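Here's a short walk through this one. Have a look at the model first, and then we'll go from a single residue out to a whole chain and its interface.

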Amino acid sequence: MGATVGRRVDSTQTYGRAPADLGSRRERRQPFAEPGSAGRERQAARGVSTAEVTAPWEAVPRRRLISARWRNPIGIVGAGIVGLCILTAVFGRFIWTTDPNAPDAERLLGPSWDHPFGTDDLGRDTLARVIHGAQVSLQVGAVAISIALVAGTLIGLLAGYYRGIVDLLLMRLVDVMFAFPGLVLAIVIAGLLGATRRNAMIAIGIIITPAFARVVRAAVLEVMGFPFIESARALGAGGFRIMVRHLIPNIVAPLIVLTTVYFSTAILSEATLSFLGLGTQPPEAAWGNMLSTARSYIDQSVWMSVFPGAAIMLIVLGFNFLGDGLRDVLDPRIGGGVGDAVVNK
Amino acid sequence: MVATLFAVSIVIFLMVRLLPGNIIDIMFGGDAQSTPEQRAQAAKQLGLDGSYPEQYWSWMSGVLQGDFGNSLLSQRPISEIFADALPITVELIVLGLLIATVVGVPLGVISAVRRNSASDYASRVGGLIGISVPNFWLATLLLIFFSRVFNWVPPLQYVSFFDDPWKNIQEFFMPAIAISVFTLAITMRMVRATMLEVLNLDYVRTARAKGVPRRHVLRKHALRNALIPVVTVVGFEVGVLIGGAAVVEIIFGLPGVGYILLNAIFQRDYPVIQNATLLIAAVFVVVNMLVDVVYGWLDPRISVS
Amino acid sequence: MSGKKMNRRDLLKKGGAVGAGAVAAGALAGSGGAAAYKVARHSATPRRGGTVNWALEQDPAHIAPAGGILTMTRTAQEPMYESLLEWDKNLNIKPALATGWKVRNKTTVDFDIRKGVKFHNGDELTAADCVYSFQQHLNPPLPGSVSVLGQIPAIADTEARGRYVLRVNLKATDARLFGYLAWQRYAAIFPAGMYQELNAATQGIGTGPYKMNGPYVPNSRISYVRNPQYWKKGLPYLDGITYQIITDEQARIAALRAGAVQGATLSVDSARSLRGVGGLTVQKGLTAAFRELQMTIKAGEDKPWHNVKVRQAVNLAINRNELIQKVYGGEGQFSGHVPPGYGPWPIPQSELKSKWEKEDLAKARQLLRQAGFANGFEVTMTTFSTPLDFPALAALIQSQLKRINVNVKVVAQDPATFAANNGRGTFEWDLTARGMRGDVDGYMAEFNPTGALGATVFNTWFSAYRNPKMWKLVGNGRITLDLNKRLKMYQELNRILMTELLEIPLIAVNKYQVISSKLKNHYVSFNDFNTGLVRAAYLTA
């Protein structure tokens, strides 16, 4: 399921070069193309001189970004859905003020005006709980992604900039994490840390980190080959300065794509963990644990199973649409297939 | 690869011991009553009293000889536990892959061939929906659907495919569908993308311009190239499927590796957690290696380093 | 549970004939019977024959007789293993493999072993087998665990005084002995040397009404067939019992509906939804797993509930009726520190409802004011995240206590984490369920720091609490063999506990079992096992 991460983003070692040569064929055919981040990784992986490559990411004009969006309906829809979910998570409880934890109503009701999503096994309002669940999902997703972003960028930067033994050790660590299917690792970490929401955030953050690390490293390797880096060094710029001034701006675009793409993974992982009893615990409302409880009441109320699951699907769909749209814009030559298999789940 | 697995074993060994709560606590906690001497005695009985290196060595030396130790809770040999659980998980994954490939590849091809048509658009959106559906929700909905509409539930006790194929299929088709959907969508998208590339290649265009029928082109060139990403997908997706299998095993009550692992985590049954995780990691690593080999064989232009 | 009065001399002299031996959990009612066992009468004549498939809700992990930590382990082995004594349906102690006993002195009890009882392998039961069995119980070999020793009374060792007399030597006077034996959970009798002859984790030889038909298949099933040489003549009625392990509740329901199993334990909601379904009967019975709110009163901390008035206020603000209504569909009872249904030992329901556990918000507020907490306080309460009624109870208690300004933060934990915290005392409050005990002392021992176990509890939970009167009562209760004296002691102790409220007992809940309507004479057993099935159930055609 989308909860698994750590795909085979290419690196110079271990598992071979699956999509690399697809890209090389394509690149050779269209020398003026602006390869997407996937293409860049492959080139970096093959140690290709980046002289052939066109302008670095800094040069993508903002204008183009915005104008391109308008021509991309899927991306727009995605952005809309995500926006709606964020608004619901933040403001929903002020509009629908029913307390998600108050067992006041009759149990196991179907949808009605009072309770548009029905009530659950204790008589709590499902709509209020779904809204609260949106908060939980987004919060967990955001924190987990932040952890992965920070840790992954750090690892990738250090490995890509310093190379040598630092690179070897860090990438070996990343490889170890790639040796586990993501969800299994998340289950083990969250389960052993103790089943709480905070630990779920940590676990999910950890399993997404390797993907970020590898992409960042590949992007860094590529940029490191540019002439202007050498000149900066010659002028006496230190490592830190180079990283901040030159490397980071160049990896922003792939990071944006990664973030949107893995946000949906993070949300699905949170739902799966809480479904299994390893993340947010009842009585607090989280979509996953609501679905888990609902399983015991299938006979008495189908509705309990419908709405939390639909909510998960909707928000994940939104992020996937958005990710697809962004990728179309920022990686124009990737047709939405190879790209997401490489970078995605 | 071996080094990675060793590193994995050390990591999981430490994680399991450093993180809060152990099986002694479970035995003695809650409503039970105990003294520190009894706790120490229990620890000794279970082999949890040595130093970490000692415990690690006693585990690893066993593994290298094929002895995985015993479950702390039932004292049953873990190799037996795995022997029972593996066929279930393997069957789930194989079925999931099968469905994903058999349905996904043709869909991807059609979608690429009829590019930008309504059906292509529909399948693009369908693909995105496919990677968005939570598999445990889908599994629950399937269960609801069959039990409400057809008044039917899957058989309760696991039977192997070789013992009773029909009953086995009945047990497995719903969970297999549930975990295959995601992989199906990915496969479809990948195939579509690759096909699009191939169809755009100059030599294909040339062939078409010369009047070679589309079907011929498809069969000879495009399809072969479409297989390559499918093989790649297998490599990635085994990991996804292992994770998905764990979840559906729990929903459908199939005692596979995921189910065993999850229960072991809740019960802090260290040996089972350690060995199951190591096993999953090893399988995953091996599958990826196999994929590389097959990939290299499929596309002679790639050399496997 | 009324009964005859016995004086001390009667007790010692009679040497444990039926009824007189009820010094532990069990009513005073003595049917005075002799050693011969009578088959109970039924209104219809029980039919012999048929096999019952029963769905177990958890895998037992193993079925070894010594040191099993899971309740399910005992349930799974119950058809084949018995002990020296047994409980009847109302927890009266009856003879079983022992026909009676004589109390020689404060630390020595001799049991008369029933003659002519055959193990499933054909060998006759002798005292030597009992000695071997108790050796294993006092030092459980794998797969058993030494962690169960807390449930076993202070037995020093046992010896065979002749072929049919077993002498039990106690480390100290211990009234828990008889209840422990009747409970049978940690007192099964098996042939000498059994652990060397077979794999006790998956096989077994006992004296019970059924014998194994092939080994236990983990995660799958355990198959039993009738023991034709069973010492209770005429029993069992069934040809066999097969336990099917079906952990998923929906699957169990489906199996019941389809007739694939003839009985299963279900949650309250599922059971009630099956009421009225043709061919199925829903049964319920109280269990000892009463829900309880526990607190830690640790030295070095200064928490509001160290003050007894605060604890009493909390107790008065809890609406037990609402808990029963909302979480258990109206089916449950109030509970004191000894659960209702546990022989003559608990406080009667009427007294609980009218005096000790009556909701009284005004008084609660007043008490809080007196204690200086009119504005309430914050507290964290941990509980199990599954089964689901625990977070449900927690949520309700949270909303109830809000009314007196006590803000409870509910932290639900998975069972392992919860058990760890509970065992170490690393919690402020927790909401948990208690369990079955062989003897009523099992519910009181934690309140006496002079015993080994009590000392642990005291050090981890109650290090800041002092009550010598309570401690003395608990200690004396354990060593008093006279039933009447003991009853009086525990009655007084109960009231002290309900005043001091170191732990606040909440409610006792029902266990629900749904059986095929063809299964007769079955009842839901108080003791967590399937005794109702194993004893004398039968199938109609």
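Ser61(B) sits in helix 4 of chain B, residues 52-64. From Ser61(B) to Lys44(B) is 17 residues in sequence and 19 Å in space, C-alpha to C-alpha.

A word on the ground rules: this is a predicted model, where local features need pLDDT of at least 70 and side-chain atom pairs pLDDT 80 or more, while totals for chains, interfaces and linings use all residues. Residues are numbered from 1 along each chain as its sequence is written, and chains are lettered from A and ligands numbered from 1 in the order in which they are written.

Now for chain C. It has 17 helices and 21 strands (DSSP runs numbered from the N terminus: H or I of at least four residues, E of at least two). Of its 541 residues, 55% are buried. Its C-alpha atoms fill a box of roughly 70 × 55 × 45 Å along the principal axes.

Where do chains C and B meet? The contact takes 39 residues from chain C and 30 residues from chain B (contact means C-beta atoms, placed from the backbone, within 7 Å). On the chain C side, helix 13 gives the largest share, 7 residues.

Key. Buried ≥ 20, exposed ≤ 12 C-beta atoms within 10 Å, placed from the backbone. Contact = placed C-beta atoms within 7 Å.
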